[in-house]
Amino acid sequence: MSHDNGAERAFETLAIHAGNTADPLTGAVVPPIYQVSTYKQDGVGGLRGGYEYSRSANPTRTALEENLAALEGGRRGLAFASGLAAEDCLLRTLLSPGDHVVIPNDAYGGTFRLFAKVIARWGVEWSVADTSDAAAVRAALTPRTKVIWVETPSNPLLGITDIAAVAEIARSAGARLVVDNTFASPYLQQPLALGADVVVHSTTKYMGGHSDVVGGALVTNDAAIAEELVFHQNAMGAVAGPFDAWLVLRGIKTLAVRMDRHSENATRVADMLTAHPKVTQVLYPGLPEHAGHETAAKQMKAFGGMVSFRIKGGEEAAVEVCNRARLFTLGESLGGVESLIEHPGRMTHASVTGSALEVPGDLVRLSVGIESGDDLLADLKQALG
């Protein structure tokens, strides 16, 4: 289903209203959870509202998909069972055996595992490049490059890629630019407007926002890609269930106000860590000394809620900081209202150990929540000792 993205309306309005049409039967202002697998048809081949089977389409999922498209300024949104399910569908749609992909030197460990352990077995080759360096991206291209994959900000080193610049490189090479927008969310950054072909989300994170649902999304402006994605989504079947779609749709309604607080708290945390004697480096694009600060300021509304830092004492010291945190919960994932702390090398990014994407052992990653900033600073100070 295509969607009029209501470009004349502000983001905060779209987040609450796009796809959220009042129920025509009862007037309910929240879309119902259509917990149904099949639909009564109006005669053989006569689909009522276009629905026949919930793998192909479900009204609750449709509401979310319309909302996702509106928020990213896209023509078509698709909702999946997880972020990796969305990535898998996208890659198998865009790629064939013998094709080549440029992947970033800093990326989510699950994305790397998908390329290195799954897609590679299908005959797709990949090369690693520092996507923050346009020359490095250009040098990594081959005549068979079909996709350039970007995360910005990246996970877990918070690197920044100039989306518009890499989009131009992709166009000149006849390749598609895919941008994982999970860390920023569409409230802070809209890659399609900057030239990306497809945007990827783990809706588990900021979109859902409450650590209570797993989901993924794809959004595109390209009608041909959209048609292929819809076909593959149905053919492969890793769709978002109706209750999961409903939870993400509910979470999105407060995305703007949550991202404002996430960004505000993260800025305070980054400033405190920068001044702390036990911290050797703070990775946050909001800091003026960050290598990607100017680019981030150009393409992002604010700098988000993710902060990583390196500490004196190496890996064991980093692990101890994670273990001593009290208000920051030791756990994987990110983007929920509660603050999380983790050790990427041993947790979220263990799958990249020994690869070009291996992360430093002294690195700690924070997902800064929306609690009191004072309480968060106090907890980090006691954890650092």
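The face of helix H8 (residues 223-236) that is turned away from its buried side carries the exposed residues Glu227, Phe231 and Ala235, where exposed means over 50% relative accessible area, buried under 20% and partly exposed in between (1.4 Å probe, protein chains only). The model is a predicted one, in which local features need pLDDT of at least 70 and side-chain atom pairs count only at pLDDT 80 or more, whereas totals for chains, interfaces and linings use all residues. Residues are numbered from 1 along each chain as its sequence is written, and side-chain values use heavy atoms, with hydrogens and water left out.

Helices (H or I, at least four residues) and strands (E, at least two) are DSSP runs numbered from the N terminus. With 14 residues, H8 reaches 20 Å from its first C-alpha to its last, close to the 20 Å expected at 1.5 Å a residue, the expected span being 1.5 Å times one less than the number of residues. Its buried residues are Ile225, Ala226, Leu229, His232 and Gln233. They cover an arc of only 130° around the axis, which puts them on the same side of H8; the arc is that of the directions from the helix axis to the C-beta atoms. At the N-terminal end, Asp222 caps H8, and Gly237, whose phi is positive, near 90°, follows the helix.

The buried residues of H8 pack against several elements, among them helix H2 (59-72) and strand E1 (76-80). Glu65 lies in helix H2 and, at 7% relative accessibility, counts as buried. Not counting residues up to four places away in sequence, Glu65 touches Arg76, Gly77, Leu78, Ala79 and Gln233, contact meaning heavy atoms within 4.5 Å.

Two polar contacts (pairs of N or O atoms within 3.5 Å; within protein, one must be able to donate a hydrogen and the other to accept it, and residues adjacent in sequence count only if both atoms are side-chain atoms) are set out here.

| Side-chain atom | Backbone atom | Distance |
|---|---|---|
| Asp222, oxygen | Ala224, nitrogen | 2.9 Å |
| Glu65, polar atom | Ala79, nitrogen | 2.8 Å |

Strand E2 (residues 100-104) is largely enclosed by the rest of the structure, because five of its five residues are buried. His100, Val102 and Pro104 point one way from E2, and Val101 and Ile103 the other way. E2 pairs in the parallel sense with strand E3 (residues 125-129) over five bridges and with strand E4 (residues 145-151) over three bridges, pairing requiring at least two DSSP bridges between the strands. His100 has Glu125 as its bridge partner in E3 and stands opposite Thr145 in E4.
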